[in-house]
Amino acid sequence: MNTQKLSINKAVIALTTIIVLFSVASLIVLYFLTDNVTAVLCGLIYVVFVMLCVIVFVIIMRRKLVLFSETFCELLDSMMIGEMDLPQAAEEETLFYKIYHRLARLYEIMCENRYSVAKERTELQELISDISHQVKTPIANLKMIDATLLEQSVSEEKRIDFLKAMGGQIDKLDFLMQAMIKTSRLEAGVISLDKKKQPIYDTLAAALGGILLNAEKKDIQVTVSCPEAWEVSHDRKWTSEALFNILDNAVKYTPAGGRVNVSVALWEMYMKIDIADTGRGIVENHQGAIFKRFYREEEVHDIDGIGIGLYLTHEIITMQGGYIKISSEVGKGSIFSIFLPRD
Ligand code: ADP
């Protein structure tokens with residue numbers, strides 16, 4: 001028999017019929033066995049009483065079931081429109097309470113998913129508008145130079161200047177695209193960091209290699225204090241990129257003749273790498289913002305940059321379980337402290 005197709009009403013009717021038939025048969029058998037009408041009457045009263053109890057029980061159960069299904073449907077409806085208001089179930093351990101509890105959990109998970117999808121969409125929109133904003137200026141410049149070179153006859157000297165300017169804008173676009181590809185691949189988890197316990201000295205040396213020429217050009221003295229043997233678990237390539245970004249800024253935002261000092265210290269839980277400069281410094285209320293994508297202070301608009309270096313650095317360090325702290329005084333300099341866990 002297919003019990004799934006059997007409705008509760010039909011099941012109750014069938015059961016009642018079976019009980020009634022069985023009781024009538026039992027009473028008839030009782031009458032033939034005892035020939036005692038009183039015994040049969042008592043039996044009949046007993047059967048009627050049991051039947052009444054069963055009917056009352058079924059009515060109560062049915063009402064409860066109807067009530068439960070209505071509440072359940074209301075809950076599902078409100079879940080679908082995203083306005084779930086969980087009713088208070090009286091007894092904590094009832095079946096209703098257990099279902100409510102699981103529904104509430106399911107609803108929370110649905111809300112979290114909905115929220116993270118909305119957040120991802122907003123972030124994507126922000127990213128697209130950030131990129132289009134960043135790309136606009138170099139492309140407008142390239143178009144303008146191109147039009148000038150095509151429409152006007154310019155001297156050889158001017159032509160070279162224009163071509164150099166074009167090269168600068170192309171470099172900017174290239175740098176922007178490279179940085180974007182790196183950050184999006186890091187964020188999407190396409191790139192997994194290969195953390196190994198290894199000396200930080202070599203990683204620092206690789207980062208310093210990229211800034212020495214610029215430091216020399218600006219007559220900036222770079223000093224490093226780091227024992228060669230000190231090890232910490234990190235990804236060499238990406239950590240070196242993060243350190244380079246901070247060192248590059250230190251040189252970029254420090255006037256000629258200044259100093260950049262790198263020092264490493266071992267703490268109980270972390271390795272601390274300080275990169276200190278004697279540059280322009282960062283006002284306190286900008287210190288949180290400088291790690292945002294494409295954030296640049298108004299005051300540095302005459303210095304080359306697109307505002308992505310520190311964002312990338314922050315991603316790389318936090319992905320390795322570390323963090324970055326800044327202490328800075330305007331006009332005196334800044335110290336960027338990188339903390340890498342010693343696990
Ligand atoms: P970019 O250098 O390309 O502008 P970054 O993300 O590396 O982008 O830095 C963001 C901003 O933080 C810079 O534009 C600058 O205003 C500020 N900044 C970063 N490092 C320093 C520093 N060492 N000294 C002063 N300002 C800094």
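This is a predicted model: local features need pLDDT of at least 70, side-chain atom pairs count only at pLDDT 80 or more; totals for chains, interfaces and linings use all residues.
Residues are numbered from 1 along each chain as its sequence is written, local features need pLDDT of at least 70, and side-chain atom pairs count only at pLDDT 80 or more. Totals for chains, interfaces and linings use all residues, while side-chain values use heavy atoms, with hydrogens and water left out.

A nonpolar patch lies on the surface. Its members are V20, V24, I28, Y31, F32, V37, L41, L44, V48, L52, I55 and I59. Together they have about 1100 Å² of accessible area. Areas come from the Shrake-Rupley method with a 1.4 Å probe, and for residues only the protein chains shown count as cover. Patches are made of residues with over 30% relative accessible area and no salt bridge; nonpolar side chains (Val, Leu, Ile, Met, Phe, Trp, Tyr) are joined within 5 Å, like charges within 9 Å. Helices α1 (8-34) and α2 (37-80) each supply at least two patch residues. The most come from α2, with 7 residues. Helices (H or I, at least four residues) and strands (E, at least two) are DSSP runs, numbered from the N terminus. V24 belongs to α1. Its relative accessible area of 41% makes V24 partly exposed. Buried means under 20% relative accessible area, exposed over 50%, and partly exposed in between (1.4 Å probe, protein chains only).

The structure holds 9 salt bridges. Each is a side-chain nitrogen of Lys or Arg within 4 Å of a carboxyl oxygen of Asp or Glu. Side chains of opposite charge can pair when their charged atoms come close. One of the bridges joins R159 to E156, with the closest N and O atoms 3.0 Å apart. The two residues are 3 apart in helix α4 (residues 156-187), so about one helical turn separates them. R159 is partly exposed at 35% relative accessibility. E156 is also partly exposed, at 48%. Another bridge links K182 and E241, whose closest N and O atoms are 2.8 Å apart. K182 lies in α4 and E241 in α7 (residues 236-252), so this pair ties together parts that are 59 residues apart in sequence. K182 is partly exposed at 25%. K332 pairs with E329 at 3.6 Å between the closest N and O atoms. Here K332 is exposed, at 58%, and E329 is partly exposed, at 46%.

Helix α7 also packs against α8, at an angle of about 145 degrees and with the axes 9 Å apart. The contact involves W238, T239, E241, A242, N245, I246 and N249 of α7. From α8 come G309, L310, L312, T313, I316 and I317. Contact means heavy atoms within 4.5 Å. Axes are lines fitted to C-alpha atoms, for helices over the stretch in contact, and angles run from 0 to 180 degrees between N-to-C directions. The crossing is left-handed: the near helix is turned anticlockwise from the far one by less than a right angle.

D219 is not a glycine, yet has a positive phi of about 55 degrees. D219 sits in the loop between α6 (212-217) and β2 (221-225) and is exposed, at 57%. F294 has a positive phi near 65 degrees. F294 is in the loop between β5 and α8 and is buried, at 11%. D302 is found in the loop between β5 (270-277) and α8 (309-319). D302 is exposed, at 70%.
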